[in-house]
Amino acid sequence: MSAQRLYRPPVSLTWWLRKPSYLVFVLRELSSVFIAWFVVYLLMLVYAVGSDPAAYRDFLDLSANPALVVLNVIALAFVVLHAVTWFGLAPKAMVIRLGALRVPPGVILAAHYAAWLVVSAVVAWVVLR
Amino acid sequence: MPDTITMEVWRYRPERESEPTWDSYEVPLRKEWAVLDGLNHIKDQLDGTLSYRWSCRMGICGSCGMTVNGEPKLGCSTFLTDYAPGPVRVEPLHNFPVIRDLVVEMGDFMAKLPTVKPWLVSDDEPDEDTEYRQTPVEMDDYKRYSMCINCMLCYAACPVYALDPEFIGPAAIALAQRYNLDSRDSGAEDRRDVLASAEGVWACTFVGECSVACPKDVDPAGAIQRYKLTAANKAVRDLLLPRGAR
């Protein structure tokens, strides 16, 4: 028997535009870059706060730069996408049983959002008080 | 309803052509006809050279996976009338090398499947007279994953598998979970090295299309996310707990 001549269909460059779910997948992969940026930004803030008032003032001036504001707004959108899709995964990953009954996925999802809200409220309280 | 519908079928005959082509056929449009019936009509009446796999015609054997208008489907449970007035475009499953026409090479899956030990692993030799009893609740834990028919629709739907062919893939992981979650099985530790690897569950980024494509409602995406939590839990326990308490 001669060797099979298999045809290997090429993966098109625009495969990720074929379905909304593929697009969301690629955007979520991309979101890691913006999450890394937020980590760096947070470290810059911590460093500025830990240094003298002038360094903190410089940090605030830098943050008010329109280009940085635009970058941070885009980064926030990606971080929200990341968080929302991550929470969407949680009910799939967590199968919790109470006796013979399985906790409905909706309850697990709602608990995650509730926890998010509580943590956000605590952070807001710390920052704004 | 018109009497006929056009089926555009992806053709690849390695002895004749190095690039695939499309052939068009007019087939009767009947409300009880699935895409597979259309292909059988072509094969019987119009063009005997057309190659495709099929067997049971009732969504059990998993042979007739194909791409219908861009979506991975079982040919036998996808009805022509849903695509009227047509045309219906039929291609081989995506993400697999093609042997001929709609016949794909799935050796990659066949090689990966046994690495997750998809069978009951038992610590001790079972007594011939022993019944392995299981409650309905215990069975519910894995029953969904046991419905897999190896049709490969989930692999065709998975962009991660397209980009990283080393990925063990949705069906193989769902089948591993089918046994991991079985109360009679004690092989979870044996499967862990493969499942908890970079080519295992961690390659998955939860696109979720495998569960959308699955014709048997297996939910491979759910099986994978669930194992991610298990694997992470185990890793932390290994790190923190003394050997005896894991």
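Colleague: Leaving aside neighbours within four places in sequence, which residues is B:Ile224 in contact with?
Modeller: Contact here means that the C-beta atoms of two residues, placed from the backbone, lie within 7 Å. With neighbours within four places in sequence set aside, the partners of B:Ile224 are B:Pro170, B:Ile173, B:Val201 and B:Cys204.

Colleague: Before we go on, what kind of model is this, and how are its parts numbered?
Modeller: Residues are numbered from 1 along each chain as its sequence is written, while chains are lettered from A and ligands numbered from 1 in the order in which they are written. Local features need pLDDT of at least 70, side-chain atom pairs count only at pLDDT 80 or more, and totals for chains, interfaces and linings use all residues, for this is a predicted model.

Colleague: Is B:Ile224 buried or exposed?
Modeller: A residue is buried if 20 or more other C-beta atoms lie within 10 Å of its own, exposed if 12 or fewer, and partly exposed in between, with C-beta atoms placed from the backbone. B:Ile224 has 30 other C-beta atoms within 10 Å, so B:Ile224 is buried.

Colleague: Which helix holds B:Ile224?
Modeller: Helices (H or I, at least four residues) and strands (E, at least two) are DSSP runs, numbered from the N terminus. The place of B:Ile224 is within residues 220-240 of chain B, in helix H9.

Colleague: In which sense do E1(B) and E5 of chain B pair?
Modeller: Two strands pair if DSSP finds at least two bridges between them. E1 (residues 4-11) of chain B also pairs with E2 (residues 21-28) of chain B, over eight bridges in the antiparallel sense, and there B:Arg11 has B:Thr21 as its bridge partner. With E5 (residues 88-91), B:Met7 stands opposite B:Val88. Over three bridges, the sense of E1(B) and E5(B) is parallel.

Colleague: How far apart do the C-alpha centres of the two domains of chain B lie?
Modeller: Domain bounds come from an automatic or database domain assignment, and here they give domain 1 (4-104) and domain 2 (107-245). The contact between them takes twelve residues from domain 1 and 13 residues from domain 2. Their C-alpha centres are separated by 31 Å.

Colleague: Turning to chain A, what is its radius of gyration?
Modeller: The radius is taken over C-alpha atoms, and the globule rule is 2.2 Å times the number of residues to the power 0.38. Along its principal axes the C-alpha trace of chain A spans about 80 × 50 × 25 Å, and 5% of its 129 residues count as buried. A compact globule of 129 residues would come out near 14 Å, but chain A has 22 Å.

Colleague: Where in chain A is confidence highest?
Modeller: pLDDT is the predictor's confidence in each residue, from 0 to 100. Chain A averages 91, and 98% of the residues score at least 70. The lowest mean, 80, belongs to strand E1 (residues 97-98) of chain A, and the highest, 94, to helix H1 (residues 20-50).

Colleague: Which element gives the largest share of the side of chain A that touches chain B?
Modeller: The contact takes 19 residues from chain A and 21 residues from chain B. On the side of chain A, H1 and helix H3 (66-93) each supply at least two residues. The largest share, five residues, comes from H1(A).
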